[in-house]
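Try each task on the structure before reading its solution.

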Amino acid sequence: MTPDLDAQVRAADLDRWLSSRFVEDAGLRNDLMALYAFEAELLAIPTRVTQPMLAEMRYTWWAEQMDGVFSQTPRVGHPVLEALTAVVTRHGLERAPLDALIEAHIDRVHNQPHDLDAFYVGPMQVAARILAGPGHDEAVAAAGRLWGLIQTGRHDEAAAMRHAANRSLKSLPTRAFPAVAHASLSRPDAPEPLKRLRLFWSVLRGRV
C-alpha cells in the first residue's frame with residue numbers, strides 16, 4: 001500500500017481511517033485502505049463535475065474497470081485499481097457489492113434516495129470479510145444500517161437501531177471489529193481526539 005492511498009483515505013473518510021488503526025496486521029490494514037480508497041474515488045466524483053450526466057459517465061468508467069479488477073487485469077498505473085485487484089484476489093471478494101455501490105452513486109447524482117444497503121451495509125460486509133473471512137454478513141448488517149443512518153442525519157432512527165446492532169455483533173470475531181467500529185461515532189462533526197477515544201472504548205467493549 002502506498003502512503004498516498006492511506007493519506008487519501010484519511011482526508012476523505014477520517015472515521016473509517018481511524019477505525020482501521022485498530023487492525024493490528026499491517027497487511028490487512030492496507031487491504032482495508034484499498035477498499036476505502038476505491039470508495040473515496042467514488043465519493044469525490046460529484047465534487048469534480050457538476051452535471052449529472054458527466055458524473056454518470058465517470059461512474060460508468062469505474063463500473064467498466066470492475067471487469068479488470070475481477071479478472072486480475074486492472075488498468076496498469078492506476079494505484080487504486082491495482083491495489084483493489086490485489087485485495088479482491090487475496091480475499092476472494094465478490095463483485096456484487098462493488099457493482100451495487102457504483103449503481104447507488106449513479107442513482108444519487110440523479111437525486112434518488114440513499115440506498116443504505118448499497119452505500120453502507122455492503123462495503124462494511126466486504127471490510128469484515130477482508131479482516132475475518134466469509135460468513136459474517138448477517139453479523140454486521142445492522143451495524144452497516146446504523147452507520148448509514150448516522151451518515152444521512154437520521155439520528156433518532158440510529159439510536160433506536162443501536163441495540164439491535166450490538167446484539168448482532170456478539171457473533172462477530174474480534175479481529176473483524178475494526179470494520180464496524182466507526183458505527184459508534186454518532187457525531188460526525190466531533191473533534192478527532194474525541195473520536196479516537198470513542199473508538200478505543202468501542203473496540204475495548206466490542207460494542208458500537
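**Exercise 1.** With which side chain does R90 meet in a salt bridge?

Solution. The model is a predicted one. Step 2: the partner is D31, with 2.7 Å from N to O. R90 belongs to helix α5 (residues 79-91) and D31 to helix α3 (residues 26-48). Step 4: compare each with the cut-offs, where buried means under 20% relative accessible area and exposed means over 50%. R90 has 53%, so R90 is exposed. D31 has 6%, so D31 is buried.

**Exercise 2.** Decide whether E41 and R48, which form a salt bridge, are buried or exposed.

Solution. Step 1: the closest N and O atoms of E41 and R48 are 3.7 Å apart, and the cut-off for a salt bridge is 4 Å. Step 2: E41 has a relative accessible area of 14% and is therefore buried. Step 3: R48 has a relative accessible area of 52% and is therefore exposed.

**Exercise 3.** Find the salt-bridge partner of R129 and say where both residues lie.

Solution. Step 1: the partner is E94, and the closest N and O atoms are 4.0 Å apart. Step 2: R129 sits in helix α7 (residues 116-132), while E94 is in the loop between α5 and α6 (96-109). They are 35 residues apart, and this pair too links distant parts of the chain. Step 3: R129 reaches 22% relative accessibility, so R129 counts as partly exposed. E94, at 54%, is exposed.

**Exercise 4.** Which residues form a positive surface patch, and where is K170 placed?

Solution. Step 1: the patch consists of R167, K170, R205 and R207. Step 2: K170 lies in the loop between α9 (155-169) and α10 (192-205). Step 3: a patch residue needs over 30% relative accessible area and no salt bridge. K170 has a relative accessible area of 69%, so K170 is exposed.

Notes
Residues are numbered from 1 along each chain as its sequence is written. This is a predicted model: local features need pLDDT of at least 70, side-chain atom pairs count only at pLDDT 80 or more; totals for chains, interfaces and linings use all residues. Side-chain values use heavy atoms; hydrogens and water are left out. Patches are made of residues with over 30% relative accessible area and no salt bridge: like charges are joined within 9 Å, nonpolar side chains (Val, Leu, Ile, Met, Phe, Trp, Tyr) within 5 Å. Accessible areas come from the Shrake-Rupley method with a 1.4 Å probe; for residues, only the protein chains shown count as cover. Lys and Arg count as positive and Asp and Glu as negative; His and the chain ends are not counted. The place of a charge is taken as NZ of Lys, CZ of Arg, CG of Asp or CD of Glu. Helices (H or I, at least four residues) and strands (E, at least two) are DSSP runs, numbered from the N terminus. Buried means under 20% relative accessible area, exposed over 50%, partly exposed in between (1.4 Å probe, protein chains only).
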